[in-house]
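Biologist: Please take a close look at one helix and what surrounds it. Keep it brisk.

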2 protein chains.
Amino acid sequence: MIGMINLIKSRTSYRGKYKSIPVPREDLITIMETGLAAPSGCNKQTTSLIAVDDENLLKDLKELINPPICQTAPAFILVLTQKIYAYRDRCYQVQDYSACIENMLLAIKALGYESCWYEGHITDDDDIAGKLAERLSVPKDYKIVCLLPVGVAEDEIKYAIKKDFSERAWFNGFGKKV
Amino acid sequence: MIGMINLIKSRTSYRGKYKSIPVPREDLITIMETGLAAPSGCNKQTTSLIAVDDENLLKDLKELINPPICQTAPAFILVLTQKIYAYRDRCYQVQDYSACIENMLLAIKALGYESCWYEGHITDDDDIAGKLAERLSVPKDYKIVCLLPVGVAEDEIKYAIKKDFSERAWFNGFGKKV
């Protein structure tokens, strides 16, 4: 499964423009299926998803995003979370939706599209996520935490500069090199 | 990339016994590389990793895990996190390490091994993670949050029962079916 490994390594956050090519419904379903296949703490399945590919609705949502991002994306996937306790006072909703998002980012890449994990931009104090949730009739016990644009890249793919492996991964003890 | 999509869908949490077949160092490196390739909030790279394949050290660590889990696994990967703020008071360390873990779970599967995301078991009030951290000489500003066993499955692979797609994913509005 070298293809799989290389795909994971080649995924990157894309913040450029998208081509005006629609994303087929079946691809959006496949992407969401991979997200829902992610593990969740005590199998509580705290994450839900809403894909948006209706042109008018997409336009409405884009107008709610200020400062503007993802304005050329032909489809969105919104990630919703519920505060469901796994046991006692332990809730793994952040872990759950993060694993779900990572699966979808990989599936998006595998299908030839690009995306980016937009969380802070919509969950900051100006609560863009709340406005999106209202427009999408999301009940109060669900919270939108992430927006994933989906589409074919128009611009160049850029890679984030990351620390060396030896600064972040070791064998048989902290800081011990291979 | 049908292989990739199917692999994501076929990943499951394995809690059975492992065969006593060692995991080659190059596979552990590949798995950790995929983990470090995950995105992180504002590229803060808050996640670090320690792989353990030394037999004596592995034995010591296993003795610290009570109730016992992963006792037959030929290798461990420990996931470490640092509280580094992305901006202002926002820290995405949970998102960061969760995406890292999910990448590794997929890579583990792609390479023919099984694993399971053990977080609650080691981070509960009895602080098994703290004991593991001490044995591995992990500095105080890093925290172990997850243990991933790595190995070839001895027992049957079982799948968690999950809600239907239509209960967790919708189009163009909350609860709207395809």
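Modeller: Helix α4(B) is mostly covered, with 17 of its 18 residues buried. This is a predicted model. The helix runs over residues 93–110 of chain B. From first C-alpha to last, α4(B) reaches 26 Å, close to the 26 Å expected at 1.5 Å a residue. Just after α4(B) comes B:Gly112, with a positive phi of about 95°.

Next, the space beside the helix. Rolling a probe the size of a water molecule over the atoms shows where empty space is left. Three cavities of 30 Å³ or more turn up here. B:Asp96 and B:Cys100 are among the lining residues, as are B:Gly35 and B:Leu36. Chain A takes part too: A:Lys162 and A:Arg168 also line the largest cavity.

Four strands form an open sheet in the order β3(A)-β2(A)-β1(A)-β4(B), with mixed pairing. From one strand to the next, the twist averages 20°. Helix α2 (residues 25–36) of chain A packs on this sheet and touches β1, β2 and β3 of chain A along with β4 of chain B. The direction of that helix makes about 155° with that of β4(B). Strand β1 of chain A (residues 47–52) pairs with β4(B) in the parallel sense, over three bridges. In β4(B), B:Phe171 is the bridge partner of A:Ala51.

Terms used. Residues numbered from 1 in each chain as written. Chains lettered and ligands numbered in written order. Predicted model: local features only at pLDDT ≥ 70, side-chain atom pairs only at ≥ 80, totals over all residues. Heavy atoms only, no water. Pairing = 2+ DSSP bridges. Helix = DSSP H or I, 4+ residues; strand = E, 2+ residues; numbered from the N terminus. Axes fitted to C-alpha atoms, helices over the stretch in contact; angles between N-to-C directions. Contact = heavy atoms within 4.5 Å. Expected span 1.5 Å × (residues − 1). Buried < 20%, exposed > 50% of the residue type's maximum accessible area, 1.4 Å probe, protein only. 1 Å grid on protein atoms, 1.4 Å probe; cavity = no way out; pocket = protein on both sides within 12 Å on 5 of 7 lines; lining within 4 Å. Points joined across faces, edges and corners; volume = space filled by probe spheres on them.
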